[in-house]
Amino acid sequence: MTISSLLRFVPLQLCLFASMFFLHGCVPMPQDALNDLPPAAQADVPPYQGLEPGHKTYETAHFLIKAYTTETAVAQSVICEAAYSRIMNDLGLYSFAPAKPYNVYVYKDRDEYLRDEYVKKTKSEWTGGMVYGNAILIYESEGSAAVLTHEMTHLIFNEFMGLANSVDFKWVNEGVAVYEESRTSAVSRAAYSQRFSSMVSPNPIPFSQMVTLAPQGEQQTGAVERWYAQAGSAVAFMIKEGGTLGFSIFITRLKAGDTMDAAVGAAFPGLWQNMREMEKAWLLYNSSGF
C-alpha cells in the first residue's frame with residue numbers, strides 16, 4: 001500500500017491550497033524524517049479477502065467493478081471511467097492501454113474493510129483505500145471518489161513505467177496521484193492547499209531531496225504531509241506550465257533510462273534544461289500550489 005491512501009481520507013480530506021506561493025529559501029528535511037516508500041505489491045494470488053459471496057460485478061472498458069449492489073457498481077463505474085479518461089489525458093498517455101481491466105472492490109462500509117486481514121496486516125486500518133497488484137480496495141463513503149482516483153493513478157503509472165521503474169520515481173508517482181485526486185475532489189484540493197501554504201511555501205524541500213527520498217512512516221506526520229503537498233505541486237506545475245505532451249515525454253524518457261535532468265531537458269525545451277532550472281521556476285510560481 002502507498003502512504004498516499006492515508007493522506008486522502010479521514011483527516012486528510014479537510015483542507016487544500018488557498019494561499020499564494022512566494023519565493024523562499026529551501027530548507028533541507030531532517031534525514032531521520034525521510035525514507036523510502038514501499039513498492040507496489042504484485043502477485044498472482046491476492047492476499048486480501050475481497051467481498052462476500054453474492055456480490056455483483058459490472059464490467060466497463062477498463063474496469064471490473066465488484067460491489068454488493070448493481071446500483072453501487074454502476075455508480076462507481078461512472079466515476080472510474082471519468083477519472084481514467086482525465087488521468088490519461090493529463091499524463092499524455094494517448095497511445096498507452098492497460099494490459100487488462102483493473103479490479104475495483106467496493107466494501108459496503110469501513111467496518112467490513114477493516115475486517116479484511118490484509119488491511120490489518122498492512123496497518124491500513126485508518127485509510128480510505130489501498131492498491132494491490134491491479135486492484136483497488138475501497139469502501140463506500142463520501143470520500144471514495146478521491147481515494148479511487150488517487151489509487152487509480154498509481155495503477156496506471158505503475159503499469160506504464162513498469163513496477164521496477166515506478167519505484168525509482170516515487171515523487172512523480174505520488175505527485176501525479178495527489179494532483180489527480182485534487183482534480184476530483186474540492187475537499188482534497190482544499191486539504192493539500194492548506195498543507196502547501198502552511199508547510200511548503202514557508203519552507204520548501206530542496207528538489208535534490210524531494211526526488212531521492214520520501215517521508216518515513218505509515219502514519220500521518222508533518223514530514224509526510226509536507227512531502228506529498230510539494231510533490232503534488234511540482235507535478236501540477238510541470239503539467240500546467242509544460243503541457244501534457246511535455247509531461248508525457250518526461251515520464252517516457254524516465255522510463256527509457258534518462259537521468260532526471262536529461263528527461264526535463266528533452267521534455268521541456270525552451271523552459272527548463274534540468275531539474276535545477278525547473279526548481280527555480282517553481283519557487284517563483286505564484287499560486288496556491290496546484
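## A charge over a ring

K255 lies over the face of F160, at 4.5 Å from the ring centre. This comes from a predicted model.

## The sheet

Five strands form an open sheet in the order β2-β3-β4-β6-β5, and their pairing is mixed. At the edges are β2 (56–59) and β5 (129–132), each of which pairs on one side only. From one strand to the next, the twist averages 20 degrees.

Within this sheet, β4 (residues 102–107) pairs with β6 (residues 135–139) in the parallel sense, over five bridges. V106 has I138 in β6 as its bridge partner. Helix α2 (residues 70–91) packs on the sheet and touches β2, β3 (63–67), β4 and β6. The direction of α2 makes about 145 degrees with that of β3. Helix α5 (residues 144–161) also packs on the sheet, touching β3, β4, β5 and β6; the direction of α5 makes about 170 degrees with that of β6.

## Aromatic pairs

The count of aromatic pairs comes to 17. In one of them, the ring centres of Y118 and Y132 are 5.3 Å apart and the planes are at 85 degrees, so the pair is edge-to-face. Y118 belongs to helix α4 (residues 117–121) and Y132 to strand β5, so this pair ties together parts 14 residues apart in sequence. Y118 is buried, at 11% relative accessible area, and Y132 is buried at 10%.

The rings of F250 and F268 have centres 6.2 Å apart and planes at 40 degrees, so this pair is tilted. F250 is buried at 0% relative accessible area, and F268 is buried at 1%.

Terms used
Residues are numbered from 1 along each chain as its sequence is written. This is a predicted model: local features need pLDDT of at least 70, side-chain atom pairs count only at pLDDT 80 or more; totals for chains, interfaces and linings use all residues. Side-chain values use heavy atoms; hydrogens and water are left out. Two strands pair if DSSP finds at least two bridges between them. Helices (H or I, at least four residues) and strands (E, at least two) are DSSP runs, numbered from the N terminus. Axes are lines fitted to C-alpha atoms, for helices over the stretch in contact, and angles run from 0 to 180 degrees between N-to-C directions. Contact means heavy atoms within 4.5 Å. Rings of Phe, Tyr and Trp (its six-membered ring) pair if their centres lie within 6.5 Å; planes under 30 degrees apart count as stacked, over 60 as edge-to-face and the rest as tilted. Buried means under 20% relative accessible area, exposed over 50%, partly exposed in between (1.4 Å probe, protein chains only). A charge sits over a ring if NZ of Lys or CZ of Arg is within 6 Å of the ring centre and within 35 degrees of the ring normal.
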